[in-house]
Amino acid sequence: MSAVTRNGTPGVATGTRLRLLLVEDDTADALLFEDLIAESEPDVEIIVARTLAEALRSLTRSLHCVIVDLSLPDASGLEVLRQVLKAAPDIAVLVLTGLADAHVGVAAVGAGAQDYLVKQDVDGPLLSRAIRYAIERKRADESERQLVEARILGRENARLERGLLPVPILDEPGIGHHARYRPGRDRALLGGDFYDTVQMADGTVHGVIGDVSGHGADEASLGVRLRMAWRTLVLAGHTGSPLLRTLDAVLCHERWSEEIFTTLCMFALAPDRRTVRVWRAGHPRPVLFTPDGVDPLPDEPCGPALGLLPGLDWPAGDVHLGDDWALMLYTDGLIEGYSGEGDGERLDLAGLLTLARAAHARAERGRALLDGLIGEAERRNGDVLSDDLALLLLTRGELS
């Protein structure tokens, strides 16, 4: 095995020296190919191996291309190519053949080589073009393979995430249920926000919306676990502060850092549909739409976010709804964007109430109401909202 270095202008587009492995047992042919390569590629390092064993020992990730004769002392035919490809699957391979066995070159391309050359037809420019073509084709093949793998993985992840989104347990024509959900992460279907709705046998409708601090995949996973734990507890007959204490314990056991917390708003809609009991754990105030207007629920009572002060009680507040109403819960991703006033102020609850009252005056209802609020919040922000975002809207009567 020998190495020959030629100096001059850069030989590859990246500006790095072109490094080739020439596998050729005929010394005269090897010298001829070195000279032909040097004609068009003055900055090149050529490593020459005379057997397959030498070639396999010389394969490194720094090589750009392997030029291999398929007739060697210790192996021949496509077996040479198969072993080279197995040892160096990420390196371009150019096969050399004779006039009598050009068909072997075609078979070699079918077996994984990037191209082949007939020795008797090779000159410097042709050899240079073939090497560069082989390198670029290998890059293109690798990019296509990675793209296919990414698409397959993306479809699998999408199916998984769609399966983790909630399907409300609600069977009552008189109650409208609308939700919007959008993660802040690019190309994701789940974020750290979560929501759910469950109707019990006695007619009580329980609902929750929550926001795990942070925006990554770990937060999304924790949000799913908390939502599933909440649903399980509700179906088991738990509610109120005891449920929240249990959910707080789940959070503390499942989180990876003591800095992780979760804000949450939970409600229990009475069977008569005229009153609702609300628990807030550091979460933004829900908004109530009635025929008379739009107002936030009272600021008190409100307890701390989950994960901050374990063992506390979370007080409840009762709200009279009337016959016609729409109750909207949301995460702070909706109100943390800019207000559009040019002063750097956030939209916050005051800005949301302005948008909601304008939408209410336009008689926007249900899905149109939620989509309109999100769209207007984004318009004022000057761009899409970057935080995870969830909205849950229950309606009854003329506001459905």
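Predicted model: local features only at pLDDT ≥ 70, side-chain atom pairs only at ≥ 80, totals over all residues.
Residues are numbered from 1 along each chain as its sequence is written, and side-chain values use heavy atoms, with hydrogens and water left out.

**Domains.** I find the chain divided into domain 1 (18-146) and domain 2 (165-396), with bounds that come from an automatic or database domain assignment. I read 62 Å between the C-alpha centres of the two domains.

**Salt bridges.** I count a salt bridge where a side-chain nitrogen of Lys or Arg lies within 4 Å of a carboxyl oxygen of Asp or Glu, and the structure holds 23 of them. I looked up the pair E24 and K119, whose side chains meet at 3.0 Å, N to O. E24 lies in the loop between β2 (18-23) and α1 (27-40) and K119 in the loop between β8 (115-118) and α5 (124-164), so this pair ties together parts that are 95 residues apart in sequence; helices (H or I, at least four residues) and strands (E, at least two) are DSSP runs, numbered from the N terminus. E24 is buried, with a relative accessible area of 0%, whereas K119 is partly exposed at 22%. I also see both residues in a salt-bridge network that links E24, D29, D69 and K119.

I then returned to R61, which forms a salt bridge with D90, the closest N and O atoms being 3.5 Å apart. This pair links distant parts of the chain, with D90 in the loop between α3 (78-87) and β7 (92-97) and R61 in the loop between α2 (52-58) and β4 (65-69), 29 residues apart. D90 is partly exposed, with a relative accessible area of 46%.

Within helix α3 I find R82 and E79, three residues apart, about one turn of the helix, and they form a salt bridge with closest N and O atoms 3.5 Å apart. R82 is partly exposed at 47%, and E79 is partly exposed at 34%.

**Surface patches.** I take patches as made of residues with over 30% relative accessible area and no salt bridge, like charges being joined within 9 Å and nonpolar side chains (Val, Leu, Ile, Met, Phe, Trp, Tyr) within 5 Å. E336, D343, E345 and D348 gather in a patch of negative charge on the surface, where Asp and Glu count as negative. E345 sits in the loop between β17 (325-330) and α8 (348-361) and is partly exposed at 45% relative accessibility. I find a nonpolar patch in L308, L309 and L312, with about 260 Å² of accessible area together, as given by the Shrake-Rupley method with a 1.4 Å probe.

**Backbone.** Most residues other than glycine have a negative phi, and most peptide bonds are trans. The peptide bond from E300 to P301 is cis, with omega near 0°.

Notes
Charge placed at Lys NZ, Arg CZ, Asp CG, Glu CD. Buried < 20%, exposed > 50% of the residue type's maximum accessible area, 1.4 Å probe, protein only.
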